[in-house]
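Please look over the predicted model shown here. The report is meant to be read alongside the sequence and the coordinates.

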Amino acid sequence: MDLIYLDNAATSFPRPDCVADAVSDWVRSGAAAGRGTHQGAAAANELLRSCRTEIAALAGAESAQHVVLTSGCTESLNIVIQGLLQQGDHVIASRLDHNSVLRPLQHLQQSRNITFELLDFDPLNGLLDIQQLQLLLERTPTRLVVLNHGSNVLGTVQPVAELARVAQQAGALTLVDAAQTAGHEELNFTTASFDFMALAGHKGIPGPLGTGALCIRPDCEQLLQPLILGGTGTESESLLQPLQCPARFESGNRNIPGIAGLLAAAEWIREQTPAVLRSRLQQHSAELWQGLRAIAGVQLLTPDTPENFCGAIAFQLKGLDCHDAAVILEQEFQIQCRAGLHCAPLLHVALGLQERSGSLRFSPGPMTTSTEIQLAVKAVAELSENLP
Ligand SMILES: Cc1ncc(COP(=O)(O)O)c(C=O)c1O
């Protein structure tokens, strides 16, 4: 039996051939960007320019120059959280957030004396509490609101434009974590007036691991202090870090082979169209959800809101530890999925699950087929039949 990969929320697999070809072509022939006048360097510069343009189009960002190419969504989030926040600043994030948001905040609480509060979500629909956001904003002047766009555990997609409007009315900046949604959900960076948006290049956008991006609203670039300083191949006569995007945040050689793959992946998304990919992903998620719900031993954590699914379905099998279940699913049914806390410990605490070591997660991706979804549901049914 062929392998069924359902861990796309971690990273997408398989990737379209054009992605592997682009990486391989660059490794065989490519040079560094911004560091020479020869044709190889010019081609690398052009690659970076094209990739920024393609990602800007996908994110709905007007300025491609304000797309910073990063090593992933974690770096993008850190550029904003650590680059922006100063002594005494207040932040609102949420219990849905990934450790790539929670850990930098916790670190800054200790090192810069920032404070942060966490929004709750409703376990019945997975949505953040907008009224609570309003109340928290009224109570404490807030520098930044971090908005989780798609939960990597529940799969729920938040109405981030609406939440951001509330934050902006209170004078807070907004950072959208679009790790799980870039590639299939509408991002509308400029029209929704977000200030910062962090993207992964290797999940919904099926680029190579170690790729991502950060969109910055042009008038916000000077609010961020760069985390890493160094050579950018520009303004080399000065010992000062360039002030403007993208060089301000892109010191050192970029991962050009990865970016070649990211560009190919983003072009592939444009050709497929995010709308088509979204509807396929929703269909797969809904099929999984309905199939799993019908199985006696399954306890679903993903709420019953198919219109909000973005590709992750979390559940538990009664009487079986989720890590053991993941091992059995791989060994006996060739299904690769994920078990544990998925770097979202507070979400599991909110659901009262941490002591049970988290959840099982099936996450289909852009290349998943309906047959694979049916086989996965059948496997869980068989597995739960044999449970005590
Ligand atoms: C919601 C969320 N934010 C951030 C990240 C970190 O992304 P990356 O792996 O690109 O650093 C992830 C990764 O799974 C995620 O699911």
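## Helix H5 and its surroundings

Helix H5, which spans residues 130-139, has Gln132, Leu133, Leu136 and Leu137 buried. When H5 is viewed down its axis, its buried residues fall within an arc of 135°, so they line one face of the helix.

At the start of H5, a side-chain oxygen of aspartate 129 comes to within 3.1 Å of the backbone nitrogen of glutamine 131.

## The ligand site

Around the ligand there are 15 residues, of which Thr74, Asp177, Gln180, His202 and Lys203 come nearest. By class, this shell consists of five nonpolar, eight polar and two charged residues. Helix H3 (residues 73-84) supplies the largest share of the shell, with three residues.

A backbone N or O atom of cysteine 73 lies 2.8 Å from a ligand oxygen, while an N or O atom in the side chain of threonine 74 is 2.5 Å from an oxygen atom of the ligand. In the side chain of histidine 202, an N or O atom is likewise placed 2.8 Å from an oxygen atom of the ligand. Taken alone, the ligand exposes 390 Å², and the protein buries 87% of that area.

## Alanine 264 in helix H7

Alanine 264 lies in helix H7, which runs over residues 256-272, and at 9% relative accessibility this alanine counts as buried. Once the neighbours within four places in sequence are left aside, alanine 264 is in contact with Cys18, Val19 and Ala22. The C-alpha atoms of alanine 264 and cysteine 51 are separated by 8.6 Å, although these two residues are 213 residues apart along the chain.

## Backbone features in the loops

Most residues other than glycine have a negative phi, and most peptide bonds are trans. Against that background, a cis peptide bond joins phenylalanine 13 and proline 14, with omega about -10°, and proline 14 lies in the loop between strand S1 (4-5) and helix H1 (17-29). A cis peptide bond also joins cysteine 245 and proline 246, where omega is about -5°; proline 246 is found in the loop between strand S8 (212-216) and H7.

Positive phi values are also present in residues other than glycine. Asparagine 188 has a phi near 50° and lies in the loop between strand S6 (173-177) and strand S7 (196-200), where a relative accessible area of 33% makes asparagine 188 partly exposed. Glutamine 334 has a positive phi of about 55°, and its place is in the loop between helix H9 (322-333) and strand S11 (335-336). At 26% relative accessibility, glutamine 334 counts as partly exposed.

Key
Residues numbered from 1 in each chain as written. Predicted model: local features only at pLDDT ≥ 70, side-chain atom pairs only at ≥ 80, totals over all residues. Heavy atoms only, no water. Buried < 20%, exposed > 50% of the residue type's maximum accessible area, 1.4 Å probe, protein only. Helix = DSSP H or I, 4+ residues; strand = E, 2+ residues; numbered from the N terminus. Arc of directions from axis to C-beta. Polar contact = N/O pair within 3.5 Å; in protein donor to acceptor, adjacent residues only side chain to side chain. Near = heavy atom within 4 Å. Areas by Shrake-Rupley, 256 points an atom, 1.4 Å probe, with all protein chains shown as cover. Nonpolar A, V, L, I, M, F, W, Y, C, P; charged D, E, K, R; others polar. Contact = heavy atoms within 4.5 Å.
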